[in-house]
Amino acid sequence: MILTDTHAHLYAEDFNADRELVLKRAIDAGVQRFFIPAIDSNFYPAMHALKLMFPDNIFLMAGLHPTHVKAYFEEELRVVQEQLQLHSYCAIGEIGLDLYWDKSHFDEQRSAFNTTYLGQRKKTPVVIHCRDAFDEIFEVLEGEADENLWGIFHCFTGTYEQAQRAIGFNMKLGIGGAVTFKNGKIDQFLDRIALEHIVLETDAPYMAPVPYRGKRNESLYILQILNKLSEIYKCPKEEIARITTENSKAVFGI
């Protein structure tokens, strides 16, 4: 059984004390593929160091996280473009809009999202961060959607209707720890979404699933998400692992 974690910040400082051990125990449990989103320019050295540690398992993205979009974001976007020219990245991500923490930089967030979103014109998938901003993101996608748009709605926690709309833009839904939460809500309708539209993720070190909620998340805990999906879909874990890994290959081409 091969599992794929399509979203994990394994370069974060939270793992400085035991990063190699965290990766090895996940690999030993069957998590063979780790897709690593960017946050901002400060993290690229650590991301590439991680790639050197596990070159056959780690796949990197380039992007600018919406909560890191500030007044100087144009320089950050130049770094993203430089990275795309210097290295091989599997996706543009994570990018998007976040109106939960801070709405004061919404205009900058939208501008940054529009700019980095143009990476899809190079036939590159996008990994979208969306928090309290579905309508705003759908508005952007509506104006730009074509056959070259595809990717993942990371950490999907929307409604059934929002799920259907995201899928309509050729997006997979990134399902993580929230599916195990009592108030997560997506478990109430997820079985109405075909598995072909689902990928697994942890968002480590954030969003740890039950029973680890509130603690540091890690890729090994994707097994908890797999167990929950097996319950929801009444489907063997091995089959869910197979389908979601194939879905990740369809997105990233790897």
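**View 1. Glutamate 239 and arginine 242 within helix H8.** Both residues belong to helix H8 (residues 237-252) and lie 3 residues apart, about one turn of the helix. Helices (H or I, at least four residues) are DSSP runs, numbered from the N terminus. This is a predicted model, in which local features need pLDDT of at least 70 and side-chain atom pairs count only at pLDDT 80 or more, while totals for chains, interfaces and linings use all residues. Residues are numbered from 1 along each chain as its sequence is written, and side-chain values use heavy atoms, with hydrogens and water left out. Glutamate 239 and arginine 242 form a salt bridge, with 2.7 Å between the closest N and O atoms. The term requires a side-chain nitrogen of Lys or Arg within 4 Å of a carboxyl oxygen of Asp or Glu. Glutamate 239 is partly exposed at 29% relative accessible area, and arginine 242 is partly exposed at 45%. Partly exposed lies between buried (under 20% relative accessible area) and exposed (over 50%), using a 1.4 Å probe and protein chains only.

**View 2. A network with Asp18, Arg25, Arg216 and Glu218.** Salt bridges with shared partners join these four residues into one network. Within it, the side chains of aspartate 18 and arginine 25 meet at 3.9 Å, N to O. Arginine 25 is partly exposed, with a relative accessible area of 28%.

**View 3. The salt bridge of glutamate 139 with arginine 110.** The closest N and O atoms of this pair are 3.7 Å apart. Glutamate 139 in helix H5 (residues 134-144) and arginine 110 in helix H4 (residues 106-117) are 29 residues apart, so the pair links distant parts of the chain. Arginine 110 is partly exposed, at 23% relative accessibility. The structure holds 11 salt bridges.

Methods. Helices (H or I, at least four residues) and strands (E, at least two) are DSSP runs, numbered from the N terminus.
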